[in-house]
Amino acid sequence: MKTPAIEDVLRPLRAARRRLSTQFFLGALVKAGLLAGAGLLIFAAINRWALGRLPWDAAVTTYAAAGAFALALLVTLARRRSLLATAGILDRLGGTRDRFLTALTFADAPEGEPMRALALKECTQFVRGGKFSELIRVRLPREAIWLAVPALSIALLQWEAQHTFSAREADKAAARAAVEDTAKHLEQLARETAKISEQNKADELKKLAEQLQRSAEQLRANATNPEEAGKSTLRELSALEQMIQEMQKSPSAPTAEEMQALAKALAKNDATKDAASALAAGDQAKAAEELEKEMQKLAEQKDDATSEEVRKQLEQAIKELSQQKQLSETMQKLAQQLKESQSQKGGNSSEAAKALAQMLRQMAQGKSGQQSAGKQSAATLEQLLAALQNMKAGEGQSQQNDQPSSGQQPGGVKMQSFAQNGQNGIPMPSDPSMPSGQAGSEHDTGTTDSPFGKEQNAAGKEAQKQQVAGRMGEGESLQQALESAGDHSKSNRGYKNLYEAMAPAAQDAVLQENIPLGSRFLIKRYFESIRPRE
């Protein structure tokens, strides 16, 4: 049992040990904080450049700080100094000549020794006369200043990311605003096309409506840069325009040329001559009936050779047609059925003729309705193509009302052209079959393959072309003068040299640009007018 006198020595020792533990805890906390800061900096860099997110995360920072505090506390408890070690530190710092160590040693020695009591009394009196626990100062470690490095780095990363993301969001907003009108127009075209496809039961228009809707969604999804928004819009519109043009090139119903080719193929065989005659006359129902009747006879007679011959003739006819032009959708399906009939059902060739008969019967049953629906689908495709071309040029938009404009079929796709405005600036409805741009614009494709037009009254085989000279009569006349840089006189040398120097550059510029067909003659006449005359 320790005497009350020794408590005067133990009290400053315990206070000094608490100060030493606090100082050690602060040092450990700074070191753990540096480790946590390095980890947070690495985490922030991964967030910023690898994941594209904001570098700083409050939850992760809280977990890192709690982990650093817990680590420092555990290390401090593990490295807590004893009273004997604390006494040695105080004796060294205070110059006490080992009085704290002597007091602790004599306090544990057996009682009854006079020298022990005398030494303990002297040490106690010496300790009472000073404040030795204050010799151990608690201060922030010098390494704490390095905590500012990860903190400032993360702060700079956070500021840079916020600035970059704000600019990016602004660009996205501007890009979305740039494509929003086009996306809305595409959605409206998709709704109108879907409505027409439901009325006409046209699968191709249904697919086109779905593609229009997907294009609108794709435009919004890809709108991230205002500079690329226009290019992205043109790419989507060009892809839709190409899709519609391909659909126009591939009609769903067989053409007259395809039907005549099938009739010729059937006429090569005696068994199918009656069906060929009916098909050539345009009577699909009779042709189907005759073809089914002959195929039934061949099946009863087990004449597979004739059936195989008919199949090969039909397949050869379709193959020759496909080499000359693109087949219609129905003919493509028939060609596929011919190939399948060769491999399925043990090579039963009569299935090919039955497939043709079924196709002819369906054409006969829905001939009038299919013709009407086909015409309306073709008109819809033409109107959609014109609307997309107007949108590419920025010259048209979809109408908001549901009433068809003048000259437009009911149920068609509605569009407007801004090529010409009315007196009040209201856009006037345009005919989709006409070019939507002004003369010389990218939609001015001319009326013929030649920029000089075509002859209105072509001469017969034995007729001769003659030019009749007219006479000036009474009444008003119209004259037009074209101003030019040179006349019939000799040109100046300076102008000639200038023309020769600038002509190659002008020719290169003309060759590099896609000049509309309708404007080529005007450009050619302009360059001829400024050419110096020799």
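1. Which residues form a positive surface patch? In this predicted model, the patch consists of Lys-31, Arg-79, Arg-81 and Arg-92. Of these residues, Arg-81 may be located in the loop that joins helix H2 (58–78) to helix H3 (83–94). Its relative accessible area is 41%, so Arg-81 is classed as partly exposed; membership of a patch requires over 30% relative accessible area.

2. Most residues other than glycine have a negative phi. Arg-97, however, has a positive phi, near 60°, and Asp-98 likewise has a positive phi near 60°. As to accessibility, Arg-97 is exposed because its relative value is 73%, exposed being over 50%. Asp-98, at 43%, counts as partly exposed.

3. Helix H6 spans residues 148–200 and contains Glu-180.

4. The loop between helix H8 (226–249) and H9 holds Pro-254. This proline is buried, because its relative accessibility is 14% and the limit for that class is under 20%. Between the C-alpha atoms of Pro-254 and Met-331 the distance is 6.3 Å, while the two residues stand 77 apart along the chain.

5. The largest nonpolar core has 28 residues, among which Leu-262 and Leu-356 touch the most other members. Two or more residues of this core are contributed by each of helix H9 (256–267), helix H10 (273–280), helix H11 (284–300), helix H12 (304–324), helix H13 (329–343) and helix H14 (350–365). Which element gives the largest share of the core? That element is H9, with six residues.

6. For a reading of the model, the residues discussed may be grouped by accessibility. Pro-254 is buried. Arg-97 is exposed.

Key:
Residues are numbered from 1 along each chain as its sequence is written. This is a predicted model: local features need pLDDT of at least 70, side-chain atom pairs count only at pLDDT 80 or more; totals for chains, interfaces and linings use all residues. Side-chain values use heavy atoms; hydrogens and water are left out. Patches are made of residues with over 30% relative accessible area and no salt bridge: like charges are joined within 9 Å, nonpolar side chains (Val, Leu, Ile, Met, Phe, Trp, Tyr) within 5 Å. Accessible areas come from the Shrake-Rupley method with a 1.4 Å probe; for residues, only the protein chains shown count as cover. A salt bridge is a side-chain nitrogen of Lys or Arg within 4 Å of a carboxyl oxygen of Asp or Glu. Lys and Arg count as positive and Asp and Glu as negative; His and the chain ends are not counted. The place of a charge is taken as NZ of Lys, CZ of Arg, CG of Asp or CD of Glu. Helices (H or I, at least four residues) and strands (E, at least two) are DSSP runs, numbered from the N terminus. Buried means under 20% relative accessible area, exposed over 50%, partly exposed in between (1.4 Å probe, protein chains only). A nonpolar core is a set of buried Ala, Val, Leu, Ile, Met, Phe, Trp, Tyr and Cys residues joined through side-chain atoms within 4.5 Å.
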